Number of protein chains: 4
Amino acid sequence: MTTPFANFQYEIYLAGLAGTVPELPTDLTQLEAHAQAAMTPEAFGYVAGGAGSEDTMRANLAAFRRWRIVPRMLRDVGERNLATTVLGTALPAPVLLAPVGVLSIVHAEAELAVARAAAGLGVPLVLSTAASTTLEDVAAAMGDTPRWFQLYWPKDADVTASLLARAEAAGYGAVVVTLDTWLLGWRPRDLRTAYLPFLRAEGIANYLSDPAFRAGLAAPPEEDRNAAIGHFLGMFSDPTVTWDSLAALRERTRLPIVLKGILHPDDARRAIDAGVDAVLVSNHGGRQVDGAVAALDALPRVVAAVDDGLPVLFDSGVRSGADVAKALALGARAVLLGRPYVYGLALAGEVGVRHVLRCLLAELDLTMALSGRTSVAQLNAELLVPAEDVSR
Amino acid sequence: MTTPFANFQYEIYLAGLAGTVPELPTDLTQLEAHAQAAMTPEAFGYVAGGAGSEDTMRANLAAFRRWRIVPRMLRDVGERNLATTVLGTALPAPVLLAPVGVLSIVHAEAELAVARAAAGLGVPLVLSTAASTTLEDVAAAMGDTPRWFQLYWPKDADVTASLLARAEAAGYGAVVVTLDTWLLGWRPRDLRTAYLPFLRAEGIANYLSDPAFRAGLAAPPEEDRNAAIGHFLGMFSDPTVTWDSLAALRERTRLPIVLKGILHPDDARRAIDAGVDAVLVSNHGGRQVDGAVAALDALPRVVAAVDDGLPVLFDSGVRSGADVAKALALGARAVLLGRPYVYGLALAGEVGVRHVLRCLLAELDLTMALSGRTSVAQLNAELLVPAEDVSR
Amino acid sequence: MTTPFANFQYEIYLAGLAGTVPELPTDLTQLEAHAQAAMTPEAFGYVAGGAGSEDTMRANLAAFRRWRIVPRMLRDVGERNLATTVLGTALPAPVLLAPVGVLSIVHAEAELAVARAAAGLGVPLVLSTAASTTLEDVAAAMGDTPRWFQLYWPKDADVTASLLARAEAAGYGAVVVTLDTWLLGWRPRDLRTAYLPFLRAEGIANYLSDPAFRAGLAAPPEEDRNAAIGHFLGMFSDPTVTWDSLAALRERTRLPIVLKGILHPDDARRAIDAGVDAVLVSNHGGRQVDGAVAALDALPRVVAAVDDGLPVLFDSGVRSGADVAKALALGARAVLLGRPYVYGLALAGEVGVRHVLRCLLAELDLTMALSGRTSVAQLNAELLVPAEDVSR
Amino acid sequence: MTTPFANFQYEIYLAGLAGTVPELPTDLTQLEAHAQAAMTPEAFGYVAGGAGSEDTMRANLAAFRRWRIVPRMLRDVGERNLATTVLGTALPAPVLLAPVGVLSIVHAEAELAVARAAAGLGVPLVLSTAASTTLEDVAAAMGDTPRWFQLYWPKDADVTASLLARAEAAGYGAVVVTLDTWLLGWRPRDLRTAYLPFLRAEGIANYLSDPAFRAGLAAPPEEDRNAAIGHFLGMFSDPTVTWDSLAALRERTRLPIVLKGILHPDDARRAIDAGVDAVLVSNHGGRQVDGAVAALDALPRVVAAVDDGLPVLFDSGVRSGADVAKALALGARAVLLGRPYVYGLALAGEVGVRHVLRCLLAELDLTMALSGRTSVAQLNAELLVPAEDVSR
């Protein structure tokens with residue numbers, strides 16, 4: 001056993017012998033259907049839903065089907081090493097947990113359960129600005145395990161500075177700036193029930209606990225909660241931000257900056273010019289622009305554009321270890337996992353998140369081993385052929 | 001908020017806080033299923049149905065899925081402007097309401113409800129010749145809001161002249177000549193119930209109120225309705241009309257002329273030669289020729305053929321703001337919305353039409369903003385990539 | 001109204017006004033579902049079924065979806081002419097009824113009902129060797145309407161000669177030699193119920209009535225039916241027949257010879273060399289070789305190969321007037337309609353066959369008119385574009 | 001009748017006349033649905049399931065749909081010969097039974113029933129190392145019929161040598177070394193029930209009866225079964241095996257060696273260099289690497305790479321005679337049939353396996369005959385065209 005992720009399947013079979021059979025699905029594409037029963041309709045709609053007709057959400061998944069792995073045989077795969085390093089952060093596997101806001105709507109232990117599960121496996125969490133737990137509490141729960149902080153860039157410079165300072169102080173290793181959510185997308189599942197958790201103060205813990213934010217309030221949020229929510233809504237995001245604005249952010253933090261939401265090669269090139277440290281190819285899981293390009297289809301174009309000038313990360317559509325392998329083969333340095341771990345959280349709290357991660361990483365380990373690869377560096381373009389290429 | 005269409009999603013969420021949750025779908029692709037329950041089977045079949053096996057109707061929708069939006073990041077999108085001008089008509093957004101006949105079968109207030117909803121948002125209505133309300137009554141309901149008149153070119157020159165004169169007098173700003181319906185298509189849903197509303201005098205209000213038409217009757221329609229219907233049926237449409245016939249029409253009105261139903265590039269070139277003012281790429285929503293090319297597939301070929309010689313409009317398959325953006329990116333100056341607003345009418349009258357328009361335009365505004373575009377002029381070829389291009 | 005097929009839709013609407021609404025489907029793609037309830041499970045399986053997994057049967061239909069009609073506007077289509085001529089046979093429209101055996105399993109009046117319906121519209125019937133009615137009785141029922149005779153080439157030269165002589169005497173205008181059924185295909189629907197109607201003497205009327213066949217029997221079939229069936233089975237078809245054998249057939253009849261079942265361009269070229277008069281591109285409706293090329297996909301290759309050296313006919317997959325137009329545009333001189341008329345027969349006998357034909361031809365007339373074509377000669381390559389061509 | 005496989009369809013129809021109608025499906029694509037009811041949920045999941053989301057399992061089947069047979073006409077197909085020779089083994093048809101382990105979970109007679117059915121038709125069985133019957137008992141049941149032995153290469157050299165020696169002694173004609181299962185794939189259907197039959201000593205009959213294996217045990221398996229299972233699990237497979245290791249295997253047996261699981265052309269070339277005797281293109285029926293290339297898509301690339309240097313065999317996705325013909329046309333010398341015969345076993349034991357084989361081979365015989373081919377050598381590249389080639 002070369003990593004904590006190897007041979008999980010044998011553990012399950014042996015547990016079965018002892019009468020302990022796992023109740024959580026091991027095919028992560030079936031997680032959503034299982035999780036629905038464990039969630040309120042509003043929370044399920046919020047997590048599972050996408051923008052508009054959800055065409056991009058479906059396209060994200062379909063794009064993975066258009067690439068096929070060609071395994072190689074008779075290579076010594078007795079020892080595999082899934083480890084990699086991104087922006088100075090050592091990862092046990094090329095996977096991070098994506099920022100997802102307001103996990104309190106999914107499970108009472110919310111981000112703390114996620115943080116503990118991630119820490120248990122050494123997998124970094126990218127904590128959302130819109131978490132329902134403060135970044136300090138999450139940091140405490142993670143101990144030595146690396147974490148990054150995702151930033152919805154507030155309109156208020158003081159709050160921005162305060163959030164960044166807190167993230168630095170709490171040991172977050174990078175800041176992931178989300179570029180695609182200056183306005184909330186058109187999300188019919190939420191619109192149907194008019195469900196926006198932020199309006200109920202869920203997901204603004206980082207604001208309520210922030211000195212700069214509190215300084216802008218006439219009364220403490222404990223006394224006038226609605227005013228605090230209103231103040232938050234007014235500063236949540238600034239659609240006038242441009243590439244020039246990045247310089248200010250660059251000066252305001254010593255942390256590496258990751259730009260999340262890059263889909264166009266020209267934007268990737270601009271990111272290099274802007275002096276950021278990485279780009280993250282993502283369409284926000286199909287939650288923002290319905291009709292947007294599948295994230296995986298955008299990935300190789302972005303990778304070609306940056307031409308090793310920056311590490312390229314990836315999210316939007318990862319549902320299996322094979323998906324991780326494909327994204328890496330197309331040039332991603334690491335991927336972020338989103339909805340699946342949230343479903344694990346909904347189903348079984350910390351245990352569920354851990355289960356989902358172990359399934360994903362065990363399947364990645366097997367995909368590598370059975371394809372004749374022993375390190376993530378070997379997950380390169382030679383791993384894949386386009387589907388249906390033969391008869392064309 | 002830069003337009004009346006921006007940020008509608010926040011309004012809905014806030015309304016939800018106040019306990020007022022919208023009952024109408026906000027994913028317009030789900031409108032049809034909702035509307036079916038609110039309509040008679042005959043009316044639903046008439047509106048929802050298409051020609052033959054409805055293959056072209058399905059192809060119209062599928063064609064949009066083959067183009068993907070590539071959003072750009074970090075552009076200042078704080079202010080967007082959806083306005084445009086077509087044939088001298090200023091539009092608040094690149095959308096008009098398509099001509100749909102006999103709306104009395106859908107809702108008691110019929111075209112008047114549509115006219116009021118359109119006027120409330122400043123969106124032009126293209127009134128059908130076959131409306132169940134006279135063009136004068138619709139004009140009165142619209143006030144200062146622009147409107148166009150759609151013409152099913154009658155065989156009788158006097159009636160043609162009279163209709164055009166009335167449209168001019170009532171302030172209609174253009175005449176849209178439908179070219180693809182000289183004969184009624186083969187529509188199995190209607191044939192099954194032998195449902196042709198015109199046979200019941202619905203949809204011939206413009207004829208019954210027309211002096212030239214009445215002059216051709218032996219008795220006033222109030223006295224011999226069946227004779228009036230028969231007279232209407234005999235003159236409804238003239239399949240012998242050719243490009244040469246257009247010259248006569250051109251002389252008969254001072255209004256700009258739009259040719260509706262252009263699908264072939266050569267016909268678009270002939271339209272320029274014929275001196276008309278615009279072409280409208282359309283296959284009548286898949287209601288005329290089953291097996292016809294998807295309208296969106298025809299669009300870029302027509303646009304290339306006219307080469308800026310004429311504005312190109314588009315209908316047939318638009319179901320979302322993303323669809324509007326795609327059609328514009330492929331060269332349409334504006335699009336016409338058909339079935340969705342009729343379903344809105346069926347569900348909630350004027351309120352329903354208004355809801356559908358606001359959803360569509362809010363989604364368009366968001367699609368623009370989140371794609372880094374601030375004006376409709378920026379919805380050009382750079383917005384899109386073909387789907388599945390990467391792995392081929 | 002330019003043909004007996006034009007404007008059928010208006011007749012139906014007017015009949016509806018009079019309270020007479022048609023009960024038969026007018027979307028012929030829905031005929032099969034309707035007909036199932038009117039047929040025994042065995043007969044339905046026999047007609048609806050195909051070879052193996054029925055993959056080719058499905059491919060036949062799907063191939064039509066890959067071509068799209070591009071209508072032309074503003075041409076005078078007031079008068080259309082669907083007539084054409086094939087092998088000296090004048091057809092009111094480019095459609096014949098395909099040979100289908102043993103129609104007695106579908107309706108008591110069997111081929112006679114079909115013959116009367118066909119004759120009523122002037123549409124030729126290609127009578128199957130395996131009809132349950134003698135070719136003389138069918139000829140009598142058709143009067144002056146043209147008919148052709150389909151030949152399953154018996155192993156017995158005398159019977160072959162006798163059948164051909166009878167067909168000539170009864171006024172059949174061509175002989176259609178089926179090349180793809182020397183052995184019966186693997187048909188799971190029939191194998192499940194072990195249903196082979198010939199074993200019950202259904203479909204061998206032409207043999208039982210044949211003097212050369214009867215001469216080979218020890219006792220008349222009226223006395224020993226099983227022996228007659230056995231004798232039939234032994235001579236039904238000869239898999240050793242080759243191109244050389246055609247010379248003998250060519251000498252044995254003065255009728256034009258059509259080779260049915262050509263799918264490969266080289267076979268089409270050999271057909272020219274062999275001196276036959278036409279080829280019929282067909283995969284037997286997907287009933288013989290599962291996995292075979294869709295007939296419509298084979299059509300343009302065969303047309304290119306014969307290069308006007310022979311007329312090319314087509315069957316396998318035609319379900320609508322649009323399908324007829326597409327096959328003609330791809331080079332077919334005329335098409336044969338199969339299963340749909342059998343379903344019409346099952347549903348309503350002669351009336352049902354007539355209904356199906358009128359629907360098909362009315363839709364063809366409308367497809368032509370609304371596409372700007374007035375004659376079948378205008379249904380050429382310019383009518384079509386490949387589907388999905390734009391975004392590739 | 002030229003082979004024992006010809007004209008099976010007529011036998012069934014005649015049996016129907018006698019009142020004996022087959023109850024087993026003759027469309028082998030429907031076998032799985034029928035078999036499910038005859039199996040325990042665990043056994044069905046084990047046989048029917050694949051790796052991960054089963055995407056590769058579906059892709060295996062879909063790949064066959066992208067090739068189409070173009071039948072040729074008027075060739076003498078009265079006599080067909082399906083026979084071929086592979087590695088000195090004479091086959092009555094280009095089909096072998098694939099190695100499938102632990103058939104005792106499917107039917108009480110397990111591999112013996114399969115062996116008898118195979119022997120009855122002269123079709124070779126490739127016996128799995130993981131059979132629930134010893135290789136000697138299977139050999140006895142097969143008599144003179146050829147059989148091959150599949151090897152999961154144990155970590156223990158003595159056991160490897162012993163198994164090979166036993167196979168040679170029992171008349172197995174080749175050894176098929178499986179390369180793609182050094183670790184068990186991620187199989188959610190089995191993980192859900194923690195079902196691994198080997199843990200219950202099913203499927204290790206060849207080990208329990210092996211002197212070298214028993215010599216490594218502290219106590220005979222009859223006394224300490226769990227220790228025996230543990231010992232088996234520890235030596236089942238060695239993921240450190242490389243191309244170099246093959247030399248040792250090559251020296252250890254005089255039997256021809258087939259490498260099973262080759263998917264990449266470079267691995268096929270290395271197989272030639274390694275001096276093995278054949279390669280078998282396979283992705284283990286989609287059971288090992290989810291996301292792997294469809295086996296049929298890999299086949300022509302491997303065939304091109306070996307360039308007649310080695311025979312290429314094929315499995316993964318064969319469900320019909322047409323599939324066999326397609327694989328041969330793409331360069332396979334013979335194919336191995338897997339799941340379908342296991343379903344036949346589940347449904348009716350030896351009779352079921354025989355039925356499945358007869359259906360498959362009868363359909364292959366018909367596919368050849370009706371395509372104008374009389375020998376397997378004629379199943380070459382000229383048989384096929386890519387699907388959908390015409391309109392592109």
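No contact joins chain B and chain D; two residues are in contact if their C-beta atoms, placed from the backbone, lie within 7 Å. The closest C-alpha atoms of chain B and chain D lie 13 Å apart. Chain A and chain C do not touch either. Their nearest C-alpha atoms are 13 Å apart.

## Model and confidence

This is a predicted model, in which local features need pLDDT of at least 70, side-chain atom pairs count only at pLDDT 80 or more, and totals for chains, interfaces and linings use all residues. Residues are numbered from 1 along each chain as its sequence is written, while chains are lettered from A and ligands numbered from 1 in the order in which they are written.

The model scores ipTM 0.97 and pTM 0.97. Chain A has a mean pLDDT of 95 (the predictor's confidence in each residue, from 0 to 100), and 98% of its residues reach 70 or more.

## Chain D against chain C

Here 39 residues of chain D are in contact with 41 residues of chain C. On the chain D side, α1 (8–17), β1 (67–69), α15 (321–329) and α16 (339–370) each supply at least two residues. Helices (H or I, at least four residues) and strands (E, at least two) are DSSP runs, numbered from the N terminus.

That side of chain D divides into 20 nonpolar, nine polar and ten charged residues. Ala, Val, Leu, Ile, Met, Phe, Trp, Tyr, Cys and Pro count as nonpolar, Asp, Glu, Lys and Arg as charged, and the others, Gly among them, as polar.

## Chain D against chain A

At this interface, 41 residues of chain D are in contact with 38 residues of chain A. Two or more residues of the chain D side come from each of α8 (188–193), β8 (257–262) and α14 (295–306) of chain D. α8(D) gives the most, with four residues. By class, the chain D side has 24 nonpolar, ten polar and seven charged residues.

## A helix pair in chain A

Helix α4 (residues 55–65) and helix α14 (residues 295–306) of chain A have axes that come within 7 Å and cross at roughly 60°. A:N60, A:A63 and A:F64 of α4(A) make the contact with A:A295, A:L296 and A:D297 of α14(A). Those residues divide into four nonpolar, one polar and one charged.

Note on methods
Axes are lines fitted to C-alpha atoms, for helices over the stretch in contact, and angles run from 0 to 180 degrees between N-to-C directions.
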